Amino acid sequence: MLGRIKSLLSVAPTVVDPAKYRAGMSSMASKSEIATFAAGCFWGVEHIFLKHFPPSQNRGILKTSVGYTGGNPLVTHPTYKTVCTGATDHAEALRIEFDPGVVSYAELVEFFYRTHDPTTLNKQGADTGTQYRSAIFFHTPEQEAIAKRVTEEVQAKHFAPKGGKIVTEIIPASQWWDAEDYHQLYLYKNPSGYQCPTHRLHW
């Protein structure tokens, strides 16, 4: 948390054209789908997905946004300040619009697990609190089934041999609230900004 506060108080951000991180549909797909993940500080989650699935290279991700979800339904229009208190129970999350004709939901779920520590409850690195929990918010029964299957496969292959246990929530997607504009593409606007050390490729 201290690292994030220092990052917010750092030098003026780089000017970024959001259009650079948007892509059109492939000619093979009829419609896009949505995937929603929480894996700690949303700056780093968005950054690593866009780094490995750059829209400009037609890797399947069409666009992303960071925001808040999974919280108390009575709390509307949550802000960064209120979410950081933990009182609203919202998670910092990444919403991905993707082209299933290029990248499958299963591939995105597996990548989600590769890029953070899903064995720590309400914690990523030094960031602690329910807002930093690991969660998959599924949008359809098919996504739920895929998320559970991939989770079992990842648990058996990558965590059980080390004695680890995935604690990621797999729950229905609920109301989504976009985070404030300065959070969007934060690490592209602020290349030297704070990034949780768990946001890297673990295998």
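Asn 58 lies in the loop between α2 and β2. The model that holds this residue is predicted. In this model, six strands form an open sheet of mixed pairing, and helices α2 and α4 each lie across several of its strands.

- The edges are taken by β7 (169-172) and β8 (177-178). Each of these two strands has a single partner, so one side of each is left without a neighbour in the sheet.
- Strands of a sheet pair through backbone hydrogen bonds, which may be in the parallel or the antiparallel sense.
- Between strand β1 (residues 33-39) and β6 the pairing is antiparallel, with four bridges.
- Ala 38 has Ala 135 of β6 as its bridge partner.

**Helices on the sheet**

- Helix α2 lies across β1, β2 (61-69) and β3 (91-98). Its direction is at about 170 degrees to that of β2.
- Helix α4 lies across β1, β2, β3 and β6, and runs at about 10 degrees to β1.
- Of the eleven residues of α2, nine are buried, which leaves the helix mostly covered.
- The buried residues of α2 include Phe 42, Trp 43, Val 45 and Leu 50. Glu 46 and His 47 are also among them.

**Contact between α2 and α4**

- The axes of α2 (residues 42-52) and α4 (residues 105-114) come within 11 Å and cross at roughly 125 degrees. Because of this angle, α2 is oblique to α4.
- The crossing of the two helices is right-handed.
- Helix α2 contributes Ile 48, Phe 49 and His 52 to the contact, and α4 contributes Leu 108, Phe 111 and Phe 112.
- By class, five of the residues in this contact are nonpolar, one is polar and none is charged.
- Ile 48 and Phe 49 take part in this contact and are also listed among the buried residues of α2.

**Arg 95 in the sheet**

- Arg 95 is placed in strand β3.
- Its relative accessible area is 31%, so Arg 95 counts as partly exposed.
- Arg 95 and Ser 65 are 30 residues apart along the chain, and their C-alpha atoms are separated by 5.3 Å.
- Leaving aside residues up to four places away in sequence, Arg 95 touches Ile 34, Ala 35, Thr 36, Lys 63, Thr 64, Ser 65 and Trp 176.

**Loop residues with positive phi**

- Asn 58 is not a glycine, yet its phi is positive, at about 55 degrees. With 46% relative accessibility, Asn 58 is partly exposed.
- His 77 sits in the loop between β2 and α3 (80-84). Its phi is near 50 degrees, a positive value in a residue other than glycine.
- His 77 has a relative accessibility of 59% and therefore counts as exposed.

**Gly 129**

- Gly 129 is found in the loop between β5 (127-128) and β6 (134-138).
- Gly 129 is partly exposed, because its relative accessibility is 23%.
- Not counting residues up to four places away in sequence, Gly 129 touches Asn 122 and Lys 123.
- Thr 168 is 39 residues from Gly 129 along the chain, and the C-alpha atoms of the two are separated by 14 Å.

Technical notes. Residues numbered from 1 in each chain as written. Predicted model: local features only at pLDDT ≥ 70, side-chain atom pairs only at ≥ 80, totals over all residues. Heavy atoms only, no water. Axes fitted to C-alpha atoms, helices over the stretch in contact; angles between N-to-C directions. Parallel < 35°, antiparallel > 145°, perpendicular 65-115°, else oblique. Left-handed = near helix turned anticlockwise from the far one by under 90°. Contact = heavy atoms within 4.5 Å. Nonpolar A, V, L, I, M, F, W, Y, C, P; charged D, E, K, R; others polar. Buried < 20%, exposed > 50% of the residue type's maximum accessible area, 1.4 Å probe, protein only. Pairing = 2+ DSSP bridges.
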